[in-house]
Amino acid sequence: MISLILQHYKDKHITILAPVVRSRKGHYRELFDQVRKQGFNKIRIDGEIVDIKPGMQVDRFKIHDIEVVIDRIMVHPDKEDRLIYSIQTALKMGNDVVFIYLQDENIISPFSKKLMDETTGLSYDEPSPNSFSFNSPYGACPHCKGIGSVNEVDLKQVIPNDNLTIKEGGIVPLGEARDTYTFKQLEQIATKYKFTFDTPIKKIPKKGLEVILYGGDSFTFNATWYDPQYHLGTDGVFNMLKRWYQDSSSEKIRKFAEDFMIIDTCKECKGTRLKKESLYFKIDEKTIADLANMDISDLSQWLENIESRISTRQASIGKDIFKEIRARVSFLLYVGLDYLSLNRTAVSLSGGESQRTRLATQIGSQLTGITYILDEPSIGLHQRDNHRLIKSLHELSGIGNTVLVVEHDKDIMLASDYIIDLGPGAGKHGGDLVAQGTPEEFLKLDSITAAYLSGRKNIDIPKQRRKGNGLFLSIYGATGNNLKNISVKFPLGTFICVTGVSGSGKSSLINETLYPILREYFYNSLKKPLNYDRIEGIEHLDKVIEIDQDPIGRTPRSNPATYTNVFTDIRNLFTGLPESKIRGYKSGRFSFNVKGGRCETCEGGGMRLIEMNFLPDVHVQCESCFGKRYNRETLEILYKGKSIGDVLEMTVEEACDFFENIPNIYRRLKTLKDVGLSYITLGQQATTLSGGEAQRVKLAEELSKKDTGKTLYILDEPTTGLHFSDIVQLINVLQKLVDRGNTILVIEHNLDVIKVADYVLDIGPEGGKNGGEILGFGTPEYISKLKKSFTAPFLKDELAK
């Protein structure tokens, strides 16, 4: 150590530190007193060197790094004795680890008595669990901060067309040439590198373009107009965009810069998220990143007999740890997640995968006497996986737990021990206990649910399936994620279902390849599709619309009336009333979003936000307008005896009767009624609508438009949260859209939807790396005969019924 320090730090001022606390919480008052009594007067706390004072302590609830300052010394052979003594003292106090700190350069180098290569001088800190965690600064890659990817400026977004000139706005972030500081700096760069603003970008000298984009040159600018905060020649457009994106306090500027960014794999850690030192530790020639990247099924195989492939000492150390890891991996296999890898990001998991991950945790805990409440755990599950889920739920109840499941899935209901049915309708038409009993007893009872379960009611298969309009949308060579270079021709003017087990590649093909391609073509979207060769037939469409179950609004102000634009017509109706004209009220008077007619206490929300300390904030009814949203003067304007506040409290069904003589309003309300939302109120807060209700509000909005019959609608599991009777209404709405000439593309597991489709695309056969192949494309009857498909046997049974 001494020779390395004398060699590398000769004639430099260094600070010798002894690490005493590494990433731990506490106030450390006793430690500071002890260090002070030993004669040391300075200490480094969380990167800052401070004097030690009597009674000194730090925040006990925060994580701290503390190092004692042993010595500050200029490194020179003459001072070798002092250096030896200081290093020995630091090693003793720092448990065989010492830090050499170059304060001027803010660089720390660890030296370890145990983990050090004498030849190269490479030394490691003592490893701890944090060294292998990408959520800790001790393990995370410093370049990407443990994310595995970084935001980089995309040259194609900055210069989409290199035939344009700077004057024409060829460098998009700079815009068209004008009289600004930036362009005055650009003029000097152009003069130096011999080009003009009228030179096409592709003909600008390479060095000149590099300076514009990446900086690296310096100029002396005229002080009368130069802005010292921004130097184009030094910084370049790329660094300017990065600085705006990372450091700007303006949301608008950050959003502007984000438009030119792409997410790219970190080049330092290659996506592993960990610093290189963490990846030098191996077990059986595998780093922790190698194991995290394996499919869980492969990881399970690697763990088998691992003890025979490592030393006896390693096996004895890892005995209990290997046992625990094997148990947890087996739980993930048990719930059918064998195709996932441990490093999959949570946002990329489907709803069903997330549910089953949490379920695996509970099965692994083996707790008894617990009541588990699950809200639609079958979301996103294929019928094959559904049976695995049912088996897992039976295991939970079998060891002495109670499992309460809110569910619409036929198989789960019939596999339960007891069924409770609420209804009979939705909204104000529901809330009653309609039926209850064991599945055998329940099937005989008089309820809508029991009728569908027993087969007394059915969703009918169409007598004839559409062939399409003769035009096709074709995608070739899709290879994103687990897709195996697949090509598909979608017949337009039809109802198409995409099926397959969880993780088979349905979302990769539709949501991450096809939809971004169409969004880019129609709306210049910046989201990049996954890899594909080409697409044909896009000219046969005029727009693409994704109808998901995301909320129609995230605040109490949003409601079905505002989302479908029927409220604009209602406000215009009230504005045209004689009393409104006498008072001089305009349309804005009846808006609860602007001052004038709204209640100013709640600012038109109808609810007030009460901020709770240590608890979630709550909304309570406004004490001034009692939830009416408007002030007294506005509520005095009546149409057929009703104020605008009363109209917002009407259900869709009541509003249809009330406005039946106003064609514009009636037409929009009728579509809400047609999609089965007759029970919701016009002013119902968007935050109280379920995912299925929000989706049907969006469908109603689409139905009320005058379309061209050339629209592609994409829906991802639209039956989530829907009862059998709701599914009937949903199918009717979708069929109406197809009857107008549009194309419906639905990712779905629900057999009631699959069996009524014109065509089915089945992807599989398994999930993960064993999926991504097209098993078949044709009518439901054709798919039901496929040998390799897991969908086929379930669909065959459903069609037979």
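Colleague: Which residues meet in a salt bridge with an N to O distance of 4.0 Å?
Modeller: Lys736 and Asp674, through their side chains. Keep in mind that this is a predicted model.

Colleague: And where do Lys736 and Asp674 sit?
Modeller: Lys736 is in helix α26 (residues 724-739) and Asp674 is in helix α24, so the pair ties together parts that are 62 residues apart in sequence.

Colleague: Buried or exposed, or something in between, for Lys736?
Modeller: Lys736 is partly exposed, at a relative accessible area of 41%. Asp674 is partly exposed too, with 28%.

Colleague: What does Lys670 form a salt bridge with?
Modeller: With Asp674 again, and there the closest N and O atoms are 2.9 Å apart. Lys670 counts as partly exposed, at 31% relative accessibility.

Colleague: Why would side chains like these pair at all?
Modeller: Because side chains of opposite charge can pair when their charged atoms come close.

Colleague: How accessible are Glu277 and Lys276?
Modeller: Glu277 is partly exposed, at 27% relative accessibility. Lys276 is exposed, with a relative accessible area of 53%. The cut-off for exposed is over 50%, so Lys276 makes it into that class.

Colleague: Which residues are linked in a network of salt bridges?
Modeller: That network takes in Glu579, Arg583, Arg632, Glu633 and Glu636.

Colleague: What lines the largest one?
Modeller: The lining of the largest cavity is made up of Lys410, Tyr452, Lys457, Asn458, Ile459, Phe724, Asp752, Lys755 and Glu798. By class, that lining has five charged residues, three nonpolar and one polar.

Colleague: And how does the lining of the second largest cavity divide by class?
Modeller: Into five nonpolar, five polar and one charged. The residues around the second largest cavity are His382, Gly500, Val501, Asp762, Ile763, Gly764, Pro765, Leu775, Ser789, Phe790 and Thr791.

Colleague: Which element gives the largest share of that lining?
Modeller: Strand β22 (residues 759-764), which contributes three residues to the lining of the second largest cavity.

Colleague: OK, off to the surface. Which residues form a nonpolar patch there?
Modeller: Ile610, Met612, Leu615, Val618 and Val620, with about 360 Å² of accessible area together.

Colleague: Where does Val618 lie, and what is its relative accessible area?
Modeller: Val618 is in strand β19 (residues 618-621). Its relative accessible area is 34%, and Val618 counts as partly exposed. Patch residues need over 30%, so Val618 clears that cut-off.

Colleague: Let's zoom out. How many helices and strands are in the protein?
Modeller: There are 29 helices and 23 strands. The C-alpha trace spans about 100 × 75 × 60 Å along its principal axes.

Colleague: What share of the residues counts as buried?
Modeller: 47% of the 801 residues.

Colleague: Pick a helix for me. Which residues of α6 are buried?
Modeller: In helix α6 (residues 206-214), the buried residues are Gly208, Leu209, Val211, Ile212 and Leu213.

Colleague: What comes just after α6?
Modeller: Gly215, which takes a positive phi of about 80°.

Colleague: One more spot, Thr165. Where is Thr165 found?
Modeller: Thr165 is in the loop between α4 (155-158) and α5 (181-192).

Colleague: Buried or exposed for Thr165?
Modeller: Buried, with a relative accessible area of 8%. The cut-off for buried is under 20%, so Thr165 falls in that class.

Colleague: And what separates Thr165 from Ser392?
Modeller: Their C-alpha atoms are separated by 64 Å, and along the chain Thr165 and Ser392 are 227 residues apart.

Key. Residues numbered from 1 in each chain as written. Predicted model: local features only at pLDDT ≥ 70, side-chain atom pairs only at ≥ 80, totals over all residues. Heavy atoms only, no water. 1 Å grid on protein atoms, 1.4 Å probe; cavity = no way out; pocket = protein on both sides within 12 Å on 5 of 7 lines; lining within 4 Å. Nonpolar A, V, L, I, M, F, W, Y, C, P; charged D, E, K, R; others polar. Helix = DSSP H or I, 4+ residues; strand = E, 2+ residues; numbered from the N terminus. Patch = residues over 30% accessible without salt bridge, like charges linked within 9 Å, V, L, I, M, F, W, Y side chains within 5 Å. Areas by Shrake-Rupley, 256 points an atom, 1.4 Å probe, with all protein chains shown as cover. Buried < 20%, exposed > 50% of the residue type's maximum accessible area, 1.4 Å probe, protein only.
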